[in-house]
Amino acid sequence: SLTARGVPTSLATGEERIDVPGSRHLAATVEMCPLNNPVDVAIIDEAQMLTDPDRGAAWTAAIMGAPARHLFILGAPDCIPMVRRIAELCGDPVDEIRLERKSPLVAAERAVSLPELQKHDALIAFSRREVLDLRALLLAHGKRVAVVYGALSPEVRRAEAQRFNNGDADILIATDAIGMGLNLTIRRVVFAALRKYDGSQTRDLNPQEVKQIGGRAGRFGKHEQGIVAVLEGVGSPSFIHAMLEAPPQPIEDMRPQVQPDADIVQAVAAEIGSDSLFGVLVRIRRAVLRRDDPNYRLANMEQAFAIATALEGVPDLTLAQRWVYAMCPVDDRDNGIQRLVHWAADHAAGNSVPPPGTGHLPPAERAERTELERAEKRHKRLVAWRWLALRFPEAYVNREDAEETTSRLNDWIEDVLRQQSVRARATSASPFRPDSRANPPGRRGGNRDGAPPKGKRPHRKRH
């Protein structure tokens, strides 16, 4: 967006760098916040993520460590107490500015049935399966549909959002991935589920989640007001109304989340006289738990512990290298940790690590859902490989090939989503039948809330 407005801007994400010569601005994911480059102004968005168990420590590090004269922190009202607490710990003054919506947000008086969905509506579910089930149902009745969910790459999400904004898709079906980072011309948000799996349990949506997602309705300048509703048979409109009117939830633990960095890992290793990453992390965890620090708490580092344990059997890796591998974003539902260990073993042996390929990609118009899922998994593997390539270029040497493969996968996934929508529109224009919504995804009481299979841990997202 800055580049389009004539402002030269560089970019930094975990797996991608775009260095624009002469640029004085940088757009970055929070984990890539530069802590050694003094600036006049830093803007940190989505600060309500401070309490997120997986990524919250990255917001703490950015807010406390950004070397800026002026720091602008944007977020939902729920984050204000934590931001004030961090400012207090830093001894910094803080000014609070509240912004009001330019268009009103209202709760619908009654539930919405599937046949009543209209252009500019967004249907919200909380798992990839629910999104694709709803998509198949709407496509079968001639609706043009765009989808947004976490397994899609940012590039494909933007393309799907653009199809919806341009009017090439009537309805958007999405998970809470629409809550951040996408500009969408939504008139009405309709919840197809009021419960979600949060990584440890299935629970009701909380007020912040309903406000964050429902607040995407009513784009100023496009729609006079935003409407938040619930799908018929899923729950009561009174639940939505109560969530929108609820005050910000109190934060249970006001200690900002932190996690060690490479310097701390090295310092603890020297203190205990060990180069075992697992041993170092155990020492850090025990120290934090024993002290019960009144100011900070250790972030969730379960995946880092799991990777550190798996790397114990790989010789000839330095402690610093092991720490980098432990921070790599892998999907352990796709054997990501085992794959990471194989890559690390090749690296340690002095061999180059080839990037993952695309696998077999059938014509987009004939692709099945299982083939789409395989392509999404391959994309995640490429994200992890490219993340490592930026840090170990001597071992991960075919970075250009990996970027080309990533582009091919993105294009194929985008084609699959677009072609199926176009084909459905051309072959079926029948209206909804009354029984088409007999058992919509997301109904309370069913096992359709996105919980992973028993025995499987949810993967952690890092960007």
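D176, K196, D198, R203 and E209 are linked in a network of salt bridges, a salt bridge being a side-chain nitrogen of Lys or Arg within 4 Å of a carboxyl oxygen of Asp or Glu. This is a predicted model, in which local features need pLDDT of at least 70 and side-chain atom pairs count only at pLDDT 80 or more, while totals for chains, interfaces and linings use all residues. Residues are numbered from 1 along each chain as its sequence is written, and side-chain values use heavy atoms, with hydrogens and water left out.

**The chain as a whole**

- The chain contains 13 helices and 15 strands; helices (H or I, at least four residues) and strands (E, at least two) are DSSP runs, numbered from the N terminus.
- The radius of gyration of the chain is 23 Å, close to the 23 Å that the globule rule gives for 463 residues, so the chain is as compact as a globular protein of that length. The radius is taken over C-alpha atoms, and the globule rule is 2.2 Å times the number of residues to the power 0.38.
- Along its principal axes, the C-alpha trace spans about 70 × 55 × 50 Å.
- Of the 463 residues in the chain, 46% are buried. Buried means under 20% relative accessible area, exposed means over 50%, and partly exposed lies in between (1.4 Å probe, protein chains only).
- The chain exposes about 23,400 Å², of which carbon and sulfur atoms supply 50%. Accessible areas come from the Shrake-Rupley method with a 1.4 Å probe, and for residues only the protein chains shown count as cover.
- Among the contacts in the chain with a separation of 6 or more, 74% are between residues 24 or more positions apart. Contact means heavy atoms within 4.5 Å.

**Salt bridges**

- A search of the whole structure finds 27 salt bridges.
- D198 is partly exposed, at 32% relative accessibility.
- The side chains of D253 and R255 also meet in a salt bridge, at 2.9 Å from N to O. D253 is partly exposed, with a relative accessibility of 22%.
- R69 and D40 join their side chains in a salt bridge of 2.3 Å, N to O. R69 lies in strand β5 and D40 in strand β4 (residues 39-44), so this pair ties together parts that are 29 residues apart in sequence.
- The two partners fall into separate accessibility classes: R69 counts as exposed at 67% relative accessibility, whereas D40 counts as partly exposed at 44%.

- V41, I43, F72 and L74 make a nonpolar surface patch of about 380 Å². Patches are made of residues with over 30% relative accessible area and no salt bridge; like charges are joined within 9 Å, and nonpolar side chains (Val, Leu, Ile, Met, Phe, Trp, Tyr) within 5 Å.
- F72 is found in strand β5, which covers residues 68-73. Its relative accessible area is 45%, so F72 is partly exposed.

**A three-stranded sheet**

- In the order β2-β1-β3, 3 strands form an open sheet with mixed pairing. Two strands pair if DSSP finds at least two bridges between them.
- Strands β2 (17-18) and β3 (25-28) stand at the edges, each with a single partner strand, so one side of each is left without a neighbour in the sheet.
- Strand β1 (residues 9-12) pairs with β3 in the parallel sense over 4 bridges. Within this pairing, T9 stands opposite H25, and A12 has A28 as its bridge partner.
- Strands β1 and β2 run antiparallel and are joined by 2 bridges; the bridge partner of L11 in β2 is I18. These two strands form a hairpin with 4 residues between them.

**Positive phi angles in loops**

- D316 is not a glycine, yet it has a positive phi of about 70°. D316 is found in the loop between α9 (302-311) and α10 (319-326), and it is exposed, with a relative accessible area of 63%.
- N335, which is also not a glycine, has a positive phi of about 55°. N335 lies in the loop between α10 and α11 (336-348) and counts as partly exposed at 46% relative accessibility.
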